[in-house]
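I opened this entry to note what I looked up on one helix and on the aromatic pairs. The coordinates come first, then my notes.

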Amino acid sequence: MLFSDLAGFTSLVERMPPTEVVGFMNRYLTAMTEVVEAQGGYVDKYVGDAVIAVFGAPLDDDRHAAQAVGAALACQERLAVLRPELGVDLRMRIGVNTGPMLIGNIGSERRFNYTVMGDAVNLAARLETANKELGTEILVSAATREACGGAFAFREVGTISVKGREEPVTVFTPSRQTASSD
């Protein structure tokens with residue numbers, strides 16, 4: 001699971017006319033979707049400026065954790081290219097987590113969406129928001145770090161308390177280097 005959100009988006013759009021916001025968001029969301037799909041994931045949904053993406057489903061893929069981390073890094077790289085084009089200094093926060101989740105058609109008797117649910121999904125969302133207090137751009141769980149199998153180098157950021165969890169969570173931030181190139 002990958003959750004991303006733009007820092008300062010609300011204050012940015014309050015100064016823009018709605019038609020300009022739509023053009024801006026279409027450009028941004030298109031770029032992020034291209035990155036997610038190029039890394040083997042799919043966008044589950046957009047919630048305003050947030051992008052929620054799934055890896056390793058609907059078909060199982062043993063590389064899903066590395067694909068999600070690769071997408072997180074590539075999204076940051078793409079955003080750096082987009083900044084001058086969009087004319088704003090945007091920053092993005094991303095949370096990535098790996099774990100069991102339910103994926104399928106979920107909703108009410110009259111309306112449902114193909115989506116994901118579960119504790120692993122919730123933790124990915126919490127990691128995205130934890131970036132704000134930790135001053136990081138990408139946070140991944142220990143489960144994701146382990147599942148990447150050395151595809152990336154990671155720096156331990158620390159252990160955080162996460163709302164709704166009894167045990168603290170150790171979080172890491174990735175880099176493009178491989179673990180063996182340290």
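I started at the end of helix 3, where G87 follows with a positive phi, near 75 degrees. I kept in mind that the model is predicted.

Next I checked the length of helix 3, which runs over residues 64-86. Its 23 residues should span 33 Å at 1.5 Å a residue, and I found the end C-alpha atoms 31 Å apart, which agrees.

I then looked for a bend. Helix 3 bends by about 30 degrees at A80. I noted a proline, P84, which follows A80 within four residues.

I turned to the aromatic rings and counted 3 aromatic pairs in the structure. One of them is Y42 with Y114: the ring centres are 6.2 Å apart and the planes stand at 40 degrees. Stacked needs planes under 30 degrees apart and edge-to-face over 60, so I logged this pair as tilted.

I looked up where the two tyrosines sit. Y42 is in strand 2 (residues 41-47) and Y114 is in strand 6 (residues 112-117), so the pair ties together parts 72 residues apart in sequence. Are they buried or exposed? Y42 has 18% relative accessibility and counts as buried, whereas Y114, at 36%, counts as partly exposed.

I also went through the pair F152 and F154. Their ring centres are 6.5 Å apart and their planes are at 75 degrees, so I logged the pair as edge-to-face. F152 is buried, with a relative accessible area of 9%. F154 counts as buried too, at 17% relative accessibility, because the cut-off for buried is under 20%.

Key: Residues numbered from 1 in each chain as written. Predicted model: local features only at pLDDT ≥ 70, side-chain atom pairs only at ≥ 80, totals over all residues. Heavy atoms only, no water. Expected span 1.5 Å × (residues − 1). Bend = angle between axes of the 7 residues up to and from the residue. Phe/Tyr/Trp six-rings, centres within 6.5 Å; stacked < 30°, edge-to-face > 60°. Buried < 20%, exposed > 50% of the residue type's maximum accessible area, 1.4 Å probe, protein only.
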